Structures are given as structure tokens and as C-alpha cells.
Amino acid sequence: MEDSPITDPGKANDQHAQKASNVPKSGERPNQGEAPAPDHYHTNSNNPSMAEHEASADAPKRHIPAPDTANAKYLHPILAQPPEELTGLRLEGRAKVAAGVTAVIKSMQFSWSEGGMTRGTKALLGLNQKDGFDCSSCAWPDPDDHRSVAEFCENGAKATASDADDRSAGPDFFAKHTLTELSHLTDRDQNNTGRLTHPLVKRPGSDYYTRIEWPEAFQIVADELNALSSPDEAVFYTSGKVPNEPAFLFQLFARQFGTNNLPDCSNMCHESSGSALSPTLGLGKGSVTLNDIYEAEVILIIGQNPGTNHPRMLTALQKAKRNGAKIISVNPLIEAGLNHFKNPQDFMNPLRALGALMGDGTPITDLYLQVRVNGDMALLRGIMKHLFEAEDLNAGQVIDRPFIDKYTTGFEEFEQNIRNTSWEDIEEVSGISRAQLLEAANMLATKQKIITCWAMGVTQQKNGVQTIQEIVNLQLMKGAIGKPGAGTCPVRGHSNVQGDRTMGIWERVSSDFLDSLEKEFKFTAPRKDGFDVVESIKAMVEGRTKVYFSLGGNLLAAGPDTELIAEGMRKQNLTVFVGTKLNRGHLVTGKTSLLLPCFTHVDMDMQRAGHQMTSCENSMGVVSQNKGTLVPLAGEMLSEVAIISGVAIATLGDRTTTDWVAMTENYDVIRDHISRVIPGFENFNEKLRRPGGFYLPNGPRERKFTTKNGKANFTATAMVKHTLEPGQLVLMTVRSHDQFNTTIYEYNDRYRGIHNERRVLFMNPEDIADRGLKAKDLIDITSHFEGEQRTIEKFIAVPYDIPRGNVAAYFPEANPLVPISSVAEVSNTPTSKYVVVTVVAAKEATTTRRPKQIAAEV
């Protein structure tokens, strides 16, 4: 056993055992170790089932009939979709500046309203600090060196305040309200009922959650699991909010039980990124650090809205701009955060405070390309086609041939593919003119410090994997990878979604990982690939599973085809939800359902060995500690580690030799196991106690491409032109500003001018007029896929600056329109950024509602 706090108690509480003097400064590369990169996308795996998965990924999927989305509210008393009643839309003009004083005020208002001034302020002061806890919202990295006393953004403050909520939803609350009643609350009002404090059970035939003791809850799970005819009749789902230690235990338990059915939220967000990056660069993660952002000469931001989804990224972009970087933004919507940014930190700087208060802030985007939905591949090809033409006129000055010759393969086929793409197709598919694309190419032509950032606006397209491969092609042809200021940057969503995958939360991990797991824990791991999210939903609907176990998250609201997920949940014998606050997914249940309360990132986790910490991995591969600062609310909440261990002990009995008790009493024991199973985590306990954490190995960052051929691979992708029928539009789902993932904090989206309403459809004014509609008309929206239709009713048409033929709506409200079988090639990610729809005037009138009495109570 390594020298950790287990064997050296003197280290146990020494958070500053190592100094922060060796952290990389701006422009420097981090010390990331020599171990191979921990990445289960790894293409060198000898797992034959992975090859079978890839070979069959594009095979015709078995048909699942479309659910009756429009009439579901009449068929099922417990609503799977948010209620249709409107809340009172107020429209304002689109904001041109993100953050500023308003963001500060909103942060404080929300923090103090949820947890009180003292509790809320204490939580914020520990947020993203080196000896504090990790933000439970996005995975944007923290600075390696100096961190502000307010190292958080508005949405991070909202997430932390929600976690620190001093209101409780205990047994007395659930005794007063049926599941049916609770389902008629809005998603915001459900979140505002307060923290879950006691384990609860819904018995067969009941419409109530009632109190249950922990031992009985564990035994219910054990009895149902052990009664299955096959372990593959159970599904174990994970949220990206779950830290590394419980994630590692969750996959360990599932595999000791006998299944690889480990779907997670990665399947719905950045699965396309990993599927594209692993075969081309050898690592399914990004290659840049935060310092690289500061050093970049050109930054492309494609399919991402950092002002709402990753607001702290704006601080990095501001610093890059001040260092001279040019920024190209590619998005169908003009987003405030990509326009101008007022940094709240500037208010504490006497030299910048007045400008931050009075001026327009820092201009972020130098060139805004308002691409059509799913037109990103064509846009990238247009830029690269211009670059090839520039190279023809300026040989050796545009394309990095020495890098290409030394490190890559496939360049000639790629080059021919780009040159053969017609300008007519590029302009038609992208919606961007040849002249605009030339402007972008000219910004890139003489630069090599280039970073491309992307998010779900790219990954959730039908051709998302191929579009990301074109991003890689652009980086490779410029030699813009593996050096300061250059590389790939997939911007992950939830706080530890990347870390969960590193810990083995995946339905088809490599044999190398399974071999190590078997050696460490002395059991035989299942080798058959498990179900991802889409396959899990199908299996649930088809009756091929009987138990659904969710460690955090809200699959009902996050996944595609909402009513189909609800149908699958109702068919389960048991649903188990480990969570912190009530959400809609807890209400659409199996015959028996357990609602098990756990700690949040902000809660102090006291076990037998003392105050425990967990860890998270951010978007740039830094693993750092997460140590709560607030005393948990009164009740019977347990840590995620304790819940998983309790279930494992009850279920596995003498079939396991793992010491689940020791791991629960001291999380250092878990980390010692991880250090021997996962490359890059050697001396995990020691490295985690370094201020700021440590970097995981990253081959592409060092120009070490661990692909099958040892090279970085260019890809010749196929560009498909999608055709629409007359009257059809293309829908993409988006978040509002007062939302993170599926958690709704308020009904506002102030950057887009939306107040007090979520049931809106952003439409080009000409598209509204073409349908005989006008602004604020009530509409019904129908999606069309393979001859089937799905309809959602009572939305409001909102004129907006969006390309003709494209529309946008918030999720989860629009998720019922996303067909379960409409998925990205290879990654099997639902295509929430490409849904073919038609829009008509609403069949039924509706009125603004007054909040129900139950909402008033909370």
C-alpha cells in the first residue's frame, strides 16, 4: 500500500502539505506525469465487444413506436412533462452584455433567499477554493495559481445556493402531497420544496412517498436485484454531478453484481466528442489547459453559449482578448456572452471599476458566423477550403507540413475531400457566405496558436462525430495541437461528468480497465457491453429490464422522448433515486420506488475517520478536492458512498470480498484502490492534497498520439445535405439563463429578453409570418421522424434573430419532440440539436395561471 494518510495519520488533515509554488504559469505546460492517459474511449483496447459496437453503431435500429405526447396528460395522472399552464410572458430586447452588476445582484439574491445570508455566504466563500468544494454546476477549470475570493459565476452561485437550501422536504411534507399533486408543480417549484432529508418509499399501488428506515431500503434493493433472472435486467444510471469516489464504487458494485449497464449523462452530451477524438488523437478528452486559453492567438467557439452554460469561461476569454487573441463565434443565436462581457471581478479593481460599471465591457467576438443548425461541418469545410487556396498562393506559410509529415496520417485523402466540396454546397448547408468564410480563414491563415471550443450545439447533431473530426482536421492542418496556446477544447457540462467516465462509468470500458479491476478486487467482471442511455430506455420500454437505479440526475427530464422514458419507468418493478432535491423524475416511478437523500458538494461529510473529501475532474483533466463546509440539515441523509456501500453489502453478501465498510469509514481507502486500478492516479491521496490538485496524463497535449497507428489521424468525412418538406423547420433545444442542466431556478432568460415564461419557441420573424402567425401567438409544435409524429401544445411564438428555417426551445419542455431513434452516428447521442418540426396555431386557448396552493407553501 502506498504512503497515504491511511498509513501515515499525520497526513490526514494536512491540506497544505505541499506548496503551490510549482503550478504552471501562463504559457507553461503542466507536469502531468508519464502514465498512459486514463481514457476508456481508448481505441487500442482488446475488448472485442467494442469493435462490434462500432461496427453495428449505424445499423438500422429496432423500431419503438412514438408515444402519444399530446394526450399523455389525459392518460396518466402523474405528469411526465411540465404542466402546460403559462406563467405570464414578458418580452424585452436581447441583452448585448453578459454578467456585470446584475449578475452580482442575482447571485447574492439567490444565495441569501435559499440558504439565508450566513449560510449562503459561507457556502460561496468555500466555492472552488483550493481547500473548499467544487462547484456542482459546470466543469470549467479553476486557475492553477491565484483564485479570487469570489471564484464563481452567477449560475455557480445559484447551484450552490440550491444545494445549501435550508428548507427541507421531509416525511411530513410528502405525507401531505401525493405524487400526482407534486407532478402538477412546475420544475422550479419542485426544486423549491427543499432538501430531501429522510429515505422514502412508494409502495405498490400507493400515490405517496412514506418514510422508511435505511436497512429496509437497502434490503428492498437487494431483494429486487437478487430476484432478477439476469444482472442485465438492471440499469445503473449516473449523473455528472457525482464525484469520483462514489462513481468508482457505483461501477464497482454494478460490475460485481454482474452487468455493464452503466448509462450516464455523457451518453447524451459529449459522447460524440470522445467518439471523434479517440480514433483521431488517441484520447477522448480535450488537450488544452486554462493557461493555453490565455496564450491563444485565435479561438473558435462552436455550438456553445458560455455566457449561460459556462460563465467563468468568459473571464478566460477576456484575458485572452487582452493578450491580443481573436475570437470567432459560430452559433445560430447571437448570445450575449459571446458579444460583450463585464467581469464582476473588475469591480474590485480600482483601475477597472468605473469602466466595468459604465462601459459596455470587453468585446468578445471579432467575427460572428450565424450558422444554420447542423451547418457547422460545412462551415468548417469552407474555412479549410479557403486555407488550402491560401496555401496554393503562399506555399509553406499556411499549412504546417513539417508537423503533418512527422505526426499524422491521412492528409492527402482529407485534402482531396475538402477541395472536392463545392462552394455551392458549403454555402447552402452552412448558411454562411463564401466571403464571410474567407474572413474567418484570413484570421487563421498565419496563426498556429489556435484553440477550438465546442459543446452540445455540435455533439447532439446527427453528424456530430464527423463535425468534431473536421475540427480535429483543422487543428492538425495548422499544427495547432500539443503546444502552448493551441489544441482541442470540448467544454463539458456537469461538474464531474468527465471524471465519472475516467472512473469507469461507461457501458463498454476497455478490457485493460476490467483486468485491473478484477485483479484489485478479486472477482470476475462481466465482459459483455452494457446499455447506453438510448438502449436503456428501449430496454425499459420493451420490458427487458426490471430495476432502474439512478445515482443523482433526472433522466426523465434530460433524455429524449420524455413520454417514452415515462413508459419505461412505469414498467419497472423497482426504481431507486438517490438525490438531494425533488425533481419530476422522482415522481414517474416503477411499482415500488425509493427516494434516498444524500449529501451535496457543500455538505460536510463526517465519517468514522473524520471529515471526508471527494474529488472531481474538470474539463481540462485537473483532479482536485471537494470538501464541504456546511453542516447538513437535520435528518437522515447519507453520503453517496455510504448509500452505495449499504446497497452493495445487502445485495452481494458473501459474494463480495470487498471491504465496503472500510471504504465508507475512510475515503482514502477508495482512493488507494483507484491508484492501483486507473493509470494517472498513482499516489492519489498525496496528490489530491496538493493545493489545486493535479493534472492527469494527456498524450495529445505532448504530441503523443496513442491511436492504433501511433499517429494523429486526419479524417475524410461525408457531408450529408438534409432536405425538408415544405413548411418544415429544424428545432434545437437550449437552456435558459436561470437553468442548469435540468434544474430550473426561475422562469427567466434575461440575456434573450424572456421573463416569467419557459414555454416559448424562438422563430425567425419571416417564418412566423409565413405561417399566418404573429408574435406571442399560441402554437403547437409537431416533430416528424420516419413517418411518426410527436406533438407538444401551448407554446408561445417569440420573434428572434435566428436563421430562417431554424427554431429553438428550452429543454426539458421540448424533449418530448426528440425521437428515441434519432441519434448521432457512432456515438448514439440523441439529436436534440436537429429535430424536424412543423408549427401551427394552437388548437386550444389557455390562460395565465395562478400558482397552486402547494407551490405557495414552498
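Me: Where is the place of Leu379?

Reply: Leu379 belongs to helix 16, residues 376-393. Helices are DSSP runs of H or I with at least four residues, strands are DSSP runs of E with at least two, and both are numbered from the N terminus. The model is predicted, so local features need pLDDT of at least 70 and side-chain atom pairs count only at pLDDT 80 or more, whereas totals for chains, interfaces and linings use all residues. Residues are numbered from 1 along each chain as its sequence is written, and side-chain values use heavy atoms, with hydrogens and water left out.

Me: Why does Leu379 count as buried?

Reply: The relative accessibility of Leu379 is 1%. Buried means under 20% relative accessible area, exposed means over 50%, and partly exposed lies in between (1.4 Å probe, protein chains only). Leu379 therefore counts as buried.

Me: With which residues is Leu379 in contact, leaving aside its neighbours within four places in sequence?

Reply: Contact means heavy atoms within 4.5 Å. On that criterion Leu379 touches Val330, Leu369, Val371, Ser430, Ile432 and Leu437. Leu369 is ten residues from Leu379 in sequence, and their C-alpha atoms are 8.9 Å apart.

Me: Why does Thr742 count as buried?

Reply: Thr742 has 17% relative accessibility and therefore counts as buried. It sits in the loop between strand 26 (739-740) and strand 27 (743-744). Leaving aside neighbours within four places in sequence, Thr742 is in contact with Asn554, Ala557, Ala558 and Phe811.

Me: What is the order of the open sheet of five strands?

Reply: The order is 12-9-8-14-15, with parallel pairing. Two strands pair if DSSP finds at least two bridges between them. From one strand to the next, the twist averages 15°.

Me: How many bridges join strand 8 to strand 14?

Reply: Five bridges join strand 8 (residues 298-302) to strand 14 (residues 450-454), and the two run parallel. In this pairing, Ile301 stands opposite Cys453.

Me: What makes helix 27 largely enclosed by the rest of the structure?

Reply: Helix 27 (residues 562-570) has seven of its nine residues buried, so it is largely enclosed. The buried residues are Thr562, Glu563, Leu564, Ile565, Ala566, Gly568 and Met569. Their cover includes helix 25 (533-541), strand 16 (547-551) and strand 17 (574-579).

Me: Why is strand 25 described as largely enclosed by the rest of the structure?

Reply: Six of the six residues of strand 25 (residues 729-734) are buried, so the description holds. Leu729, Leu731 and Thr733 point one way, and Val730, Met732 and Val734 the other way. In a regular strand the side chains alternate between the two faces of the sheet. Strand 25 runs antiparallel to strand 33 (residues 835-841), joined by three bridges, and pairs in the parallel sense with strand 32 (residues 806-810) over five bridges. Val837 in strand 33 is the bridge partner of Leu729, and Asn806 in strand 32 stands opposite Val730.

Me: Why is the pair of Phe388 and Phe411 called tilted?

Reply: Rings of Phe, Tyr and Trp (its six-membered ring) pair if their centres lie within 6.5 Å; planes under 30 degrees apart count as stacked, over 60 as edge-to-face and the rest as tilted. The structure holds 24 such aromatic pairs. The ring centres of Phe388 and Phe411 are 6.0 Å apart and their planes stand at 50°, so this pair is tilted. Phe388 lies in helix 16 and Phe411 in helix 18 (residues 411-420), so the pair ties together parts that are 23 residues apart in sequence. Both Phe388 and Phe411 are buried.

Me: Why is the pair of Phe681 and Phe684 called edge-to-face?

Reply: The ring centres of Phe681 and Phe684 are 4.9 Å apart and the planes stand at 70°, so the pair is edge-to-face. Phe681 counts as buried at 0% relative accessibility, and Phe684 counts as buried at 0% as well.

Me: How is Lys319 placed relative to Tyr294?

Reply: A charge sits over a ring if NZ of Lys or CZ of Arg is within 6 Å of the ring centre and within 35 degrees of the ring normal. Lys319 lies over the face of Tyr294, at 4.1 Å from the ring centre. Arg735 lies over the face of Phe740, at 4.8 Å from the ring centre.

Terms used: Axes fitted to C-alpha atoms, helices over the stretch in contact; angles between N-to-C directions.
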